[in-house]
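Please open the structure in your viewer and keep the sequence beside it. This tour says what to select at each stop.

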Amino acid sequence: QVQLVESGGGLVQAGDSLRLSCTASGRTFSDYAMAWFRQTLGKEREFLTAITWRNGYTSYANSVKGRFTISRDNAKNTFDLQMNSLKPEDTAVYYCAAGPMVSSTPQRYRYWGQGTQVTVSS
């Protein structure tokens with residue numbers, strides 16, 4: 001089992017930055033990919049970015065590339081989402097996830113955090 005917990009969400013103004021963190025615990029995840037998704041009420045869960053735990057290979061959705069950065073700290077069992085130049089349309093619940101491979105499909109990820117709210121005001 002792998003347990004994931006997000007933190008760092010909050011209320012910010014457009015143009016601000018925010019850093020989310022996901023803490024992983026449980027079984028080893030050296031062969032896993034870690035990812036960030038977001039979702040608003042009534043919408044599909046949207047892939048943002050992913051990173052492989054072992055090698056640090058990354059993938060980004062076009063909607064956030066250049067503004068958001070994913071990173072991981074293997075020693076601390078954490079991975080972060082640095083969000084810059086935030087826009088009101090970034091408002092959503094943000095989820096971290098873990099799965100066997102890098103994918104933009106949420107069904108490919110077995111483990112999920114509880115979500116953290118990010119609200120960006122104009």
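This is a predicted model: local features need pLDDT of at least 70, side-chain atom pairs count only at pLDDT 80 or more; totals for chains, interfaces and linings use all residues.

Residues are numbered from 1 along each chain as its sequence is written, and side-chain values use heavy atoms, with hydrogens and water left out.

**Whole chain**

Of the 122 residues, 42% count as buried, where buried means under 20% relative accessible area, exposed over 50%, and partly exposed in between (1.4 Å probe, protein chains only). The C-alpha atoms fill a box of roughly 40 × 30 × 25 Å, taken along the principal axes.

**The open sheet**

Next select β1, β3, β8 and β7. These four strands form an open sheet in the order β1-β3-β8-β7, with antiparallel pairing; two strands pair if DSSP finds at least two bridges between them. β1 and β7 stand at the edges with a single partner strand each, so one side of each has no neighbour in the sheet.

Now go across the sheet, pair by pair. β1 and β3 pair over six bridges, and valine 2 stands opposite glycine 26 in β3. β3 and β8 also pair over six bridges; here leucine 18 has methionine 83 in β8 as its bridge partner. Six bridges join β7 to β8, and phenylalanine 68 stands opposite methionine 83.

Stop at the hairpin of β7 and β8, which has four residues between the strands. Asparagine 77 takes a positive phi near 55° there. Then colour β8 by burial: five of its six residues are buried.

**The core**

Finally, show the side chains of Leu4, Trp36, Phe79, Met83 and Tyr94. They have the most contacts inside the largest nonpolar core, which has 35 residues. A nonpolar core is a set of buried Ala, Val, Leu, Ile, Met, Phe, Trp, Tyr and Cys residues joined through side-chain atoms within 4.5 Å. Elements giving two or more residues to this core include β1 (2-7), β4 (33-39) and β8 (78-83). β9 gives the most, with five residues.
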